Amino acid sequence: MAASLLGLVSTWADDTSIEGQVRFFEARIRPVLVEHCYECHSAEAGKAKGGLVVDTREGLLKGGEGGAAVVPGDLTRSRLLIAVKHLETDLEMPPKNPKLPAGVIADFENWIKHGAPDPRVGQVVGHHPSSIDLEQGRQFWSCQPPVIVPPPPVHDAAWARRPLDLYVRGKLEEAGMVPSADASPAIWLRRLHFDLVGLPPSPEGTAAFVAGWERSAVISAAALEAHLAATVDRLLASPQFGERWGRHWLDVARFAESNGRESNLTFPHAWRYRDYVIDAFNADLPYDRFLQEQIAGDLLPAADDAERARQLIATGFLAMGAKGLNEMSKAQFTADLVDEQVDTVTRAVLASSVACARCHDHKSDPYRMEDYYALVGIFRSTRTYYGTWIDSESNHGGELLRLPNLPGEVIPNKSLRSQEVANLKADLATLNREEEEQNAMVKRAMEEGRDISEDSFKLMQNAIRIYWSRGGIEGRLQTVDEEGRALPLCMGVTDVEPDKVQDAVLMERGDIGHPGQKVPRGVPAVFTGQGKVAPTMPARQSGRLELACWLGSGRTRSLRV
């Protein structure tokens with residue numbers, strides 16, 4: 001049944017558990033410490049300034065000359081928070097740099113408030129050759145393919161109606177328990193309804209079902225079995241089944257209709273992905289195909305425009321998720337975007353996050369930094385369309401994917417009159433011309449040695465006005481064609497141009513400012529070897545299709561099995 005998907009449900013958004021906060025530390029706290037603090041306050045710095053080291057949990061708790069840097073649960077006594085907030089003039093971190101963004105400071109507050117969980121123990125002195133024993137890791141049960149275990153011997157084998165029941169009976173007998181009595185018809189129906197569609201049956205439906213149960217039971221056991229099976233099939237065929245069970249995968253896929261974080265911009269086209277998931281459950285889409293469409297639907301062949309549209313919408317799986325839209329560095333934004341995709345895919349399918357190996361070898365699972373950057377190369381060779389444009393709340397425009405035109409399709413974005421399109425294009429041309437003229441003026445002043453520092457603030461204001469205004473205009477124009485007709489759009493991904501496909505470089509300590517050697521695109525090494533063949537990555541494609549097929553390999557399973 002569909003309950004097998006419950007094992008995949010895992011989300012750490014707003015997770016206040018210790019495990020959730022540790023994941024929060026790895027994704028949002030450690031990278032900031034690495035980028036802004038390790039240079040002066042780590043074992044690598046030699047003599048740490050002020051006696052403070054932040055590359056270990058013990059170092060943060062002990063602090064430096066001024067006392068503890070972090071006091072779990074206490075925002076007022078945590079000197080690290082005082083420093084990043086610039087509350088004391090002689091304690092401003094990072095020094096000689098602007099204050100960290102408000103969202104980053106809020107992350108530190110949240111982390112400290114929840115007890116400052118920190119998995120780091122001992123000294124961290126950079127990345128050395130991996131000490132992970134892959135052969136030992138391959139012996140762990142979760143890194144091995146599933147095997148069929150014969151049912152245990154039981155005293156009352158006649159109780160079992162199906163082989164699966166023998167496993168249940170075996171555990172009951174092992175615990176010295178006996179099965180409960182069979183549920184009454186009304187209770188059985190109520191349980192079935194809540195399980196499959198999440199709503200209770202109507203009084204009329206219950207009465208009709210009970211009457212059918214009684215009639216069938218008089219005829220034969222086979223007739224009763226057919227009556228029950230017909231009821232199950234009816235609920236499985238109802239649209240409410242997909243709504244009930246699709247929501248579990250939507251949690252795994254971190255579905256939301258807005259970005260969250262500091263710039264909580266809306267994702268007005270997110271509903272298409274939601275409907276795709278519901279429809280997939282209702283259509284009983286095989287699980288391997290379900291994964292392939294979401295990870296690489298744009299790379300799959302399509303029989304017609306309708307299938308092409310559905311597969312593009314499916315890739316919204318990779319476009320969802322909170323993004324640091326106010327991040328100033330494009331390189332850092334891209335690194336964080338890809339990190340979130342690696343995290344989501346591996347959590348959803350492997351039930352553990354390879355993203356924890358971004359800055360160091362994984363602390364508990366057999367994943368090396370090389371494994372993380374092997375996956376990063378796949379997603380860095382992918383272009384993500386998430387549907388925002390540049391304005392005062394976003395430094396990163398995400399655009400949207402154009403869908404094929406289909407009869408009767410829903411297009412929520414509005415059309416524009418042809419004159420409105422012309423006006424927008426004229427405004428855009430004016431802004432571009434203003435930018436060119438201002439840049440030319442500044443260039444001439446520099447060449448002539450003229451001092452224009454008194455005009456710098458005004459020039460900066462004008463540049464920001466042009467930047468934000470242009471983003472809004474470009475965003476509106478992307479939603480219509482040349483005549484102003486609204487276009488069918490969706491969130492999703494495609495491959496970058498073939499000549500831009502490339503392997504990622506390993507970033508020492510996860511810092512984009514310290515690139516190392518290239519890592520070939522691939523899958524975690526613990527799942528290869530011992531006769532298990534790793535997928536071959538194509539030279540001119542991202543490798544998402546190969547990854548998706550590898551993740552869904554093995555016996556095809558339905559979403560209801």
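A residue is called buried under 20% relative accessible area, exposed over 50% and partly exposed in between, using a 1.4 Å probe and protein chains only. The model is predicted, so local features need pLDDT of at least 70 and side-chain atom pairs count only at pLDDT 80 or more, while totals for chains, interfaces and linings use all residues. Residues are numbered from 1 along each chain as its sequence is written, and side-chain values use heavy atoms, with hydrogens and water left out.

**Overall layout**

- The chain has 19 helices and six strands; these are DSSP runs numbered from the N terminus, with helices (H or I) of at least four residues and strands (E) of at least two.
- The C-alpha trace spans about 100 × 65 × 50 Å along its principal axes.

**Salt bridges**

- Here a salt bridge is a side-chain nitrogen of Lys or Arg within 4 Å of a carboxyl oxygen of Asp or Glu, and the whole structure holds 31 of them.
- Aspartate 503 and arginine 521 form one, with their closest N and O atoms 2.9 Å apart. This pair links distant parts of the chain, 18 residues apart: aspartate 503 sits in the loop between β4 (492-495) and β5 (504-507), and arginine 521 in the loop between β6 (515-519) and α19 (544-551).
- Aspartate 503 is partly exposed at 26% relative accessibility, whereas arginine 521 is buried at 13%.
- Arginine 485 pairs with aspartate 481, and the closest N and O atoms are 3.0 Å apart.
- Arginine 417 meets glutamate 420 at 4.0 Å, N to O; arginine 417 is exposed at 58% relative accessibility, and glutamate 420 is partly exposed at 26%.

**Aromatic rings**

- Rings of Phe, Tyr and Trp (its six-membered ring) pair if their centres lie within 6.5 Å; planes under 30 degrees apart count as stacked, over 60 as edge-to-face and the rest as tilted. A search of the whole structure gives 15 such pairs.
- Phenylalanine 25 and tryptophan 111 make a tilted pair, because their planes stand at 35 degrees, with ring centres 5.4 Å apart. The two come from distant parts of the chain, 86 residues apart, with phenylalanine 25 in helix α1 (residues 18-36) and tryptophan 111 in helix α4 (residues 102-113). Both phenylalanine 25 and tryptophan 111 are buried.
- Tyrosine 372 and tyrosine 373 have ring centres 4.8 Å apart and planes at 90 degrees, so this pair is edge-to-face. Tyrosine 372 is buried at 1% relative accessibility, and tyrosine 373 is buried at 4%.
- One aromatic cluster is formed by Trp249, Tyr273, Tyr276, Phe281, Phe290 and Phe317.

**Charges over rings**

- A charge sits over a ring if NZ of Lys or CZ of Arg is within 6 Å of the ring centre and within 35 degrees of the ring normal.
- Arginine 254 lies over the face of phenylalanine 317, at 5.8 Å from the ring centre. Phenylalanine 317 is also one of the aromatic cluster.
- Arginine 244 lies over the face of tryptophan 245, at 5.0 Å from the ring centre.

**Cysteines**

- With a disulfide taken as a pair of cysteine sulfur atoms within 2.5 Å, the whole structure has zero disulfides.
- Cysteine 37 is in no disulfide, and its nearest cysteine sulfur, that of cysteine 40, is 8.7 Å away; for cysteine 40, that distance is too far for a bond.
- Cysteine 37 is buried at 14% relative accessible area, and cysteine 40 is partly exposed at 21%.

**A nonpolar surface patch**

- Val147, Val149, Leu164 and Tyr167 form a nonpolar patch on the surface, with about 410 Å² of accessible area together.
- Patches are made of residues with over 30% relative accessible area and no salt bridge; like charges are joined within 9 Å, and nonpolar side chains (Val, Leu, Ile, Met, Phe, Trp, Tyr) within 5 Å. Accessible areas come from the Shrake-Rupley method with a 1.4 Å probe, and for residues only the protein chains shown count as cover.
- Valine 147 lies in the loop between α5 (134-138) and α6 (163-174) and is exposed, at 67% relative accessible area.

**Backbone points to check**

- Most residues other than glycine have a negative phi.
- Alanine 351 has a positive phi, near 65 degrees; alanine 351 is in the loop between α15 (330-350) and α16 (369-380) and is exposed at 63%.
- Arginine 509 has a positive phi too, near 60 degrees; arginine 509 lies in the loop between β5 and β6 and is buried at 11%.
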